[in-house]
Amino acid sequence: MRIRDTNKERVVKEKAAEMLVEYGFEGFSMNRLARACGISVATLYIYYKDKEDLIKKLGVEIGEQFFTETLKGFSAEMSFKEGLKKQWENRARFSLKYPREVAAYEIIRHSSHGDYILTESMKGFKEAMESFFSGAIKRRELLPVSTELFWAVAYGPLYTLLRFHSEGKSIGGKSFKLSKKTLNDALELAVKALTP
Amino acid sequence: MILDIQNILIFKTNIQTKSAKKMVLEVLDNFDEIERSTIDLDDRDCVLRIVSDNLTTDQIISTIRSLGFECAELE
């Protein structure tokens, strides 16, 4: 009798993320993944219909984990500054803790499954962020900018710094390590830019 | 995720093209005992995956072979 093993499932998901980052979509194969996990191809197919199914499920799971983490300690009623600070903390923590999953998620997000995994994993998150965004504009704590402009200015600096950090270097190959102070300074600048 | 893994049968085949896949799945569609069947063309083993309560692996293998394809159970 075949028994479902949740530990094995965890290993499969970790290895799948790793393989996706290392080999990309094209190089990713169920056979290769099964070998890397030390399980049979048949076992892998018990859990997943095919490669697409596995990749979609992986994307949704990472997405859900990300959005849950991002909402931790956050409320749509927070002042703009407090709320954005919480978002930065949560997003930075997740990126630093799960770099491989974040990289895999980015790959899936930019594939043909991108829209599917976003809709599936963003439930609840979108509403909270929209209410935070419109509340902040109403209270005149935030300039009435478009959501795209808001996103670019509010999170652009954070993700740029996180990228420098993960690459270990910044502009011109200069070595870089993200400090709390740099992150706070960048947040202050983003808040200042968006405050009326 | 609730999944009854006892009912899933996995086979290695040589069903390699979209048209072959379509044809095989149409044939399998006629079996009332088969809840769902999929073929992964992306994989080296062209894995056929069948969800069925009461069909045996031998019944599947002989059906696929009768269509002119190779088929063996993947352990």
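## A buried strand in chain B

Strand 3 of chain B (residues 48–52) is largely enclosed by the rest of the structure, because 4 of its 5 residues are buried. Buried means that 20 or more other C-beta atoms lie within 10 Å of a residue's own; exposed means 12 or fewer, partly exposed is in between, and C-beta atoms are placed from the backbone. Strands (E, at least two residues) and helices (H or I, at least four) are DSSP runs, numbered from the N terminus.

Strand 3 of chain B pairs with strand 1 (residues 8–13) of chain B in the antiparallel sense, over 4 bridges. Two strands pair if DSSP finds at least two bridges between them. B:Arg49 in strand 3 is the bridge partner of B:Ile10. Strand 2 (residues 34–39) of chain B also pairs with strand 3 in the antiparallel sense, over 5 bridges. Here B:Val51 in strand 3 stands opposite B:Arg36.

## Model and confidence

This is a predicted model; local features need pLDDT of at least 70, side-chain atom pairs count only at pLDDT 80 or more, and totals for chains, interfaces and linings use all residues. Residues are numbered from 1 along each chain as its sequence is written, while chains are lettered from A and ligands numbered from 1 in the order in which they are written.

The model scores ipTM 0.76 and pTM 0.81. Chain B averages a pLDDT of 89, and 92% of its residues score at least 70. pLDDT is the predictor's confidence in each residue, from 0 to 100.

Chain A has 10 helices and 0 strands. Its C-alpha atoms fill a box of roughly 65 × 40 × 25 Å along the principal axes. Of the 196 residues in chain A, 24% are buried. Take the contacts in chain A between residues at least 6 apart in sequence: 64% of them join residues at least 24 apart. Contact means that the C-beta atoms of two residues, placed from the backbone, lie within 7 Å.

Chain A is divided into domain 1 (1–48) and domain 2 (49–194). These bounds come from an automatic or database domain assignment. The domain centres, taken over C-alpha atoms, are separated by 28 Å. Domain 1 brings 12 residues to the contact and domain 2 brings 14. On the domain 1 side, helix 1 (residues 6–27) of chain A gives the most, with 8 residues. That side divides into 8 nonpolar, 2 polar and 2 charged residues. Nonpolar covers Ala, Val, Leu, Ile, Met, Phe, Trp, Tyr, Cys and Pro; charged covers Asp, Glu, Lys and Arg; the others, Gly among them, count as polar.

## Nonpolar cores

The largest nonpolar core has 39 residues, of which A:Leu44, A:Leu58 and B:Leu48 touch the most other members. Such a core is a set of buried Ala, Val, Leu, Ile, Met, Phe, Trp, Tyr and Cys residues joined through C-beta atoms within 7 Å. Helix 4 (residues 51–70) of chain A gives the most to this core, with 7 residues. The core lies between domain 1 (1–48) and domain 2 (49–194) of chain A, because both give residues to it.

Leaving aside neighbours within four places in sequence, the contacts of B:Leu48 include B:Phe11, B:Ser37, B:Ile39 and B:Cys71. A second, separate core of 13 residues includes A:Phe80, A:Met129, A:Ala136 and A:Leu161. In soluble globular proteins, nonpolar side chains tend to be buried together.

## Where the chains meet

In the contact between the chains, 14 residues of chain B meet 13 residues of chain A. The chain B side has 5 nonpolar, 2 polar and 7 charged residues.

## Residues to inspect

A:Phe67 is in helix 4 of chain A. A:Phe67 counts as buried because it has 20 C-beta neighbours inside 10 Å. Not counting residues up to four places away in sequence, A:Phe67 touches A:Ser121, A:Met122 and A:Phe125. The C-alpha atoms of A:Phe67 and A:Arg91 are separated by 9.0 Å, with the two residues 24 apart along the chain.

Most residues other than glycine have a negative phi. A:Arg140 is not a glycine, yet has a positive phi of about 60 degrees. A:Arg140 is found in the loop between helix 8 (125–138) and helix 9 (147–167) of chain A. A:Arg140 counts as exposed, with 11 C-beta neighbours inside 10 Å. B:Cys46 has a positive phi too, near 40 degrees. B:Cys46 lies in the loop between strand 2 and strand 3 of chain B. With 21 C-beta neighbours inside 10 Å, B:Cys46 counts as buried.
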